Amino acid sequence: MEEKLKEIIDVIRINKLSYLEILQLLQEKFNFVPMDYLNKICEMLEIPKSKIYGILTFYSQFSTNERGKYLIRICDGTACHVKGATKLIEMLKRNYHLEDGKTTQDKKFTLQVVACLGGCFLAPVCMINSHYHGSLDENKLKNILESLK
Ligand code: FES
């Protein structure tokens, strides 16, 4: 941890990162915000923890739980539910042992079931990291995930 922490602190200092950018850096590096790193950074750079925690809890893009390399957000909002989102969620459970909020053992995938991704016209929809995938069925989703392995 020491080596990695020093490297991160250097990046923060050299680039004079804002609190938001520090959180983005951690999220990008680890796929989640590890609290042990964040606390050490706060101590070493004399950052008030309350300020950075406020930002951390405000933005849903940040997670303090360990995430896989790929975050699969499956929409189970009304339009997607009607068009078969449940089947997609069942396929993920059956083939990848994934459940809402869980990560695969190999740390490849994390599943999050969400209410609406704003792409109802392409239902059923999922987002994998920052990419949208629409008009899904079980096979299409499985092929996408296999291509990421
Ligand atoms: S209900 Fe699924 S994208 Fe809107």
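Reader: Quick one first. What counts as a helix here, and what as a strand?
Author: Both are DSSP runs, numbered from the N terminus. A helix is H or I with at least four residues, and a strand is E with at least two. Keep in mind that this is a predicted model.

Reader: Fine. Where is Glu46, then?
Author: Glu46 sits in the loop that runs between α3 (35-45) and α4 (49-58). The backbone there has a positive phi of about 50°, although Glu46 is not a glycine.

Reader: Is Glu46 buried or exposed?
Author: Exposed. Glu46 has 6 other C-beta atoms within 10 Å, and a residue counts as exposed at 12 or fewer.

Reader: Which loop holds His97?
Author: The one between α6 (85-96) and β2. His97 is not a glycine either, yet its phi is positive, about 55°.

Reader: And why is His97 called exposed?
Author: Because 12 other C-beta atoms lie within 10 Å of His97, and the cut-off for exposed is 12 or fewer.

Reader: Switching to prolines. What is the peptide bond from Ala123 to Pro124 like?
Author: That bond is cis, with omega near -5°. Pro124 belongs to the loop between β2 (109-114) and β3 (126-128).

Reader: Now the big picture. What domains is the chain divided into?
Author: Domain 1 covers 2-58 and domain 2 covers 70-148. Their C-alpha centres are 30 Å apart.

Reader: On to helices. At what angle do α1 and α3 pack?
Author: About 55°, with the axes 11 Å apart; α1 is residues 2-15. That makes the pair oblique. The crossing of α1 past α3 is right-handed.

Reader: Which residues of α1 and α3 meet?
Author: From α1, Leu5, Ile8, Ile9 and Ile12. From α3, Tyr37, Lys40, Ile41, Met44 and Leu45. By class, this contact has eight nonpolar residues, no polar ones and one charged.

Reader: What about α6 and α7, how do their axes cross?
Author: At roughly 45°, coming within 9 Å, with α7 spanning residues 138-148. So α6 and α7 are oblique to each other. Their crossing is right-handed.

Reader: And which residues meet there, between α6 and α7?
Author: Lys87, Leu88, Met91 and Asn95 of α6 meet Glu138, Leu141 and Lys142 of α7. That contact splits into three nonpolar, one polar and three charged residues.

Note on methods: Residues numbered from 1 in each chain as written. Predicted model: local features only at pLDDT ≥ 70, side-chain atom pairs only at ≥ 80, totals over all residues. Domains from an automatic or database assignment. Buried ≥ 20, exposed ≤ 12 C-beta atoms within 10 Å, placed from the backbone. Axes fitted to C-alpha atoms, helices over the stretch in contact; angles between N-to-C directions. Parallel < 35°, antiparallel > 145°, perpendicular 65-115°, else oblique. Left-handed = near helix turned anticlockwise from the far one by under 90°. Contact = placed C-beta atoms within 7 Å. Nonpolar A, V, L, I, M, F, W, Y, C, P; charged D, E, K, R; others polar.
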